[in-house]
Amino acid sequence: MDRDIIDELIADALDCGFSHVGPLDVSTIVIHKEARDACAENKCGRYGTNWSCPPGCGTLEECERLIRRYSRGVIVQTTGEIDVFDYDTYLEVGKRHHELFSRFARTVRKKAPDALLCGGSSCSGCSECTYPDAPCRFPERLSYPMEGLGMMVYEVCRDNGLKYNYGNGTLTYIGCVLVD
Ligand code: SF4
């Protein structure tokens, strides 16, 4: 795979409609136990419910080995304006990010079938996850939350030249794809 795949994926991500897109150097990614500790608090209610979140996604060491199989990638961000008193606007931005990432993931899978997909939240590839009773139905569609693999999202953005926060009155959802 040559350098052009990153340029192509960046163009594809912009075509999909993401607000901000940039290249990701996997060597900048630091794996943090603290990110997983935050998952274990289960504030999102998804901990232990699917194969993309801890503990189903593997130990921290296994997640790091998975990430280190790749050398580069693309960060994608969906930024929306929010009214702090209106929870629906939070949901709308999240829904938009999810839709954009699903569209982007289809393109990525065609161009880089072995890509690692991190959509920004736990996998929602099936209406009901098989976890923990049977293996993942669609491993090629499985999309991980970055934090679940041990990444600090703000740090990955910062170390790759993208903002994490675009100012008061905005909310940004963030995902990435890794390719080798
Ligand atoms: S693809 Fe389906 S079975 Fe696999 S982790 Fe996602 S929801 Fe679960």
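G80 is found in strand 2 (residues 72-81), where helices (H or I, at least four residues) and strands (E, at least two) are DSSP runs numbered from the N terminus. The structure is a predicted model, in which local features need pLDDT of at least 70 and side-chain atom pairs count only at pLDDT 80 or more, while totals for chains, interfaces and linings use all residues. Residues are numbered from 1 along each chain as its sequence is written, and side-chain values use heavy atoms, with hydrogens and water left out.

With a relative accessible area of 13%, G80 is buried; buried means under 20%, exposed over 50% and partly exposed in between, computed with a 1.4 Å probe on protein chains only. Leaving aside neighbours within four places in sequence, G80 is in contact (heavy atoms within 4.5 Å) with V93, G169, T170 and L171. The C-alpha atoms of G80 and G94 are separated by 9.0 Å, the two residues being 14 apart along the chain. D83 is placed in the loop between strand 2 and helix 4 and is partly exposed, at 38% relative accessible area. Not counting residues up to four places away in sequence, D83 touches T89 and Y90. Between D83 and Y70, 13 residues apart in sequence, the C-alpha to C-alpha distance is 38 Å.

The loop between helix 2 and helix 3 holds N42, C44 and P55. N42, although not a glycine, has a positive phi of about 55 degrees; its relative accessibility of 30% makes N42 partly exposed. C44 is exposed, with a relative accessibility of 58%. C44 and S121 lie 77 residues apart in sequence, with 9.4 Å between their C-alpha atoms. The peptide bond from P54 to P55 is cis, and its omega is near -5 degrees. Another cis peptide bond, with omega about -5 degrees, joins Y131 to P132. P132 belongs to the loop between strand 3 and helix 5.

The ligand is surrounded by W51, C123, G125, C126, C129, T130, C136, R137, F138 and L142, a residue being counted as near when one of its heavy atoms lies within 4 Å. Seven residues of this shell are nonpolar, two are polar and one is charged. In this division, Ala, Val, Leu, Ile, Met, Phe, Trp, Tyr, Cys and Pro count as nonpolar, Asp, Glu, Lys and Arg as charged, and the others, Gly among them, as polar.

Pockets were located on a 1 Å grid over the protein atoms alone, a pocket being an open set of points where a 1.4 Å probe fits, with protein on both sides within 12 Å along at least five of seven lines; lining residues have an atom within 4 Å of a point. Grid points are joined across faces, edges and corners, and the volume is the space filled by probe spheres set on the points. The largest pocket contains about 1,400 Å³ of space. Its lining consists of 41 residues, with G119, G120, S121, S122 and P145 nearest the centre. Helix 2 (33-40), helix 4 (87-111), helix 5 (153-158) and strand 4 (170-179) each supply at least two lining residues; the largest share, eight residues, comes from helix 4. By class, this lining has 20 nonpolar, 14 polar and seven charged residues.

The second largest pocket contains about 230 Å³ of space. Of its 14 lining residues, L66, Y70, L116, P139 and Y144 lie nearest the centre. Helix 3 (60-67) and strand 3 (116-118) are the elements that give two or more residues to this lining, and helix 3 gives the most, with three. The lining of the second largest pocket divides into eleven nonpolar, no polar and three charged residues.

In soluble globular proteins, nonpolar side chains tend to be buried together. A nonpolar core is here a set of buried Ala, Val, Leu, Ile, Met, Phe, Trp, Tyr and Cys residues joined through side-chain atoms within 4.5 Å. The largest such core has 26 residues, of which I67, L116 and L149 touch the most other members. Helix 3, strand 3, helix 5 and strand 4 each give two or more residues to this core, and helix 3 gives the most, with four. Neighbours within four places in sequence aside, L149 is in contact with I31, C57, L60, C63, I67, L116, C118 and Y144. Apart from this core lies another, of 20 residues, among them I6, L9, F101 and V177.
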